[in-house]
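Please look through the sequence and the structure shown here before reading on.

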Amino acid sequence: MDGVFREAPEAFLRMIVAHELAHLKERGHDRAFYQLCHHIEPDYAALEFAVRAWLCWMESGGTNPWAQDAPAPQAPGLRSA
Ligand SMILES: [Zn+2]
């Protein structure tokens, strides 16, 4: 995950920090947990959605869309196990 975090935009790092801080008080991912996340980071829901989409894209073999010389995105093919 080191590379992912090194390349992650600042907004994503803010989401991750809010998430982990919230876990100091709430262990699960229940309503109280997300309310705490939003208290720490008002844009939490939007940030989390973007992080999930980005991680899925990276895991599918996509290049970092924020990289300076990233090629145009291609539809990710189905990976064989
Ligand atoms: Zn969590």
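Residues are numbered from 1 along each chain as its sequence is written. The chain averages a pLDDT (the predictor's confidence in each residue, from 0 to 100) of 80, and 68% of the residues score at least 70. Confidence in the chain is lowest in helix α1 (residues 2-7), with a mean of 62, and highest in α3, with 96. Where pLDDT is low, the predicted coordinates should not be read in detail.

The chain has 4 helices and 0 strands, where helices (H or I, at least four residues) and strands (E, at least two) are DSSP runs, numbered from the N terminus. Buried residues make up 11% of the 81 residues in the chain; a residue is buried if 20 or more other C-beta atoms lie within 10 Å of its own, exposed if 12 or fewer, and partly exposed in between, with C-beta atoms placed from the backbone.

Helix α2 (residues 10-23) has 14 residues and reaches 20 Å from its first C-alpha to its last, close to the 20 Å expected at 1.5 Å a residue, the expected span being 1.5 Å times one less than the number of residues in the helix. Within α2, the residues Met15, Ala18, His19 and Ala22 are buried. They lie on the same side of α2 because they cover an arc of only 100 degrees around the axis, the arc being that of the directions from the helix axis to the C-beta atoms. On the face of α2 turned away from this buried side are the exposed residues Glu10, Val17 and Glu20.

What do the buried residues of α2 pack against? They pack against α3 (31-40) and α4 (44-59). Leaving aside neighbours within four places in sequence, Met15 is in contact (C-beta atoms, placed from the backbone, within 7 Å) with Glu41, Tyr44, Leu47, Glu48 and Val51.

Just after α4, Gly61 takes a positive phi of about 95 degrees.

Definitions and conventions
This is a predicted model: local features need pLDDT of at least 70, side-chain atom pairs count only at pLDDT 80 or more; totals for chains, interfaces and linings use all residues. Two residues are in contact if their C-beta atoms, placed from the backbone, lie within 7 Å.
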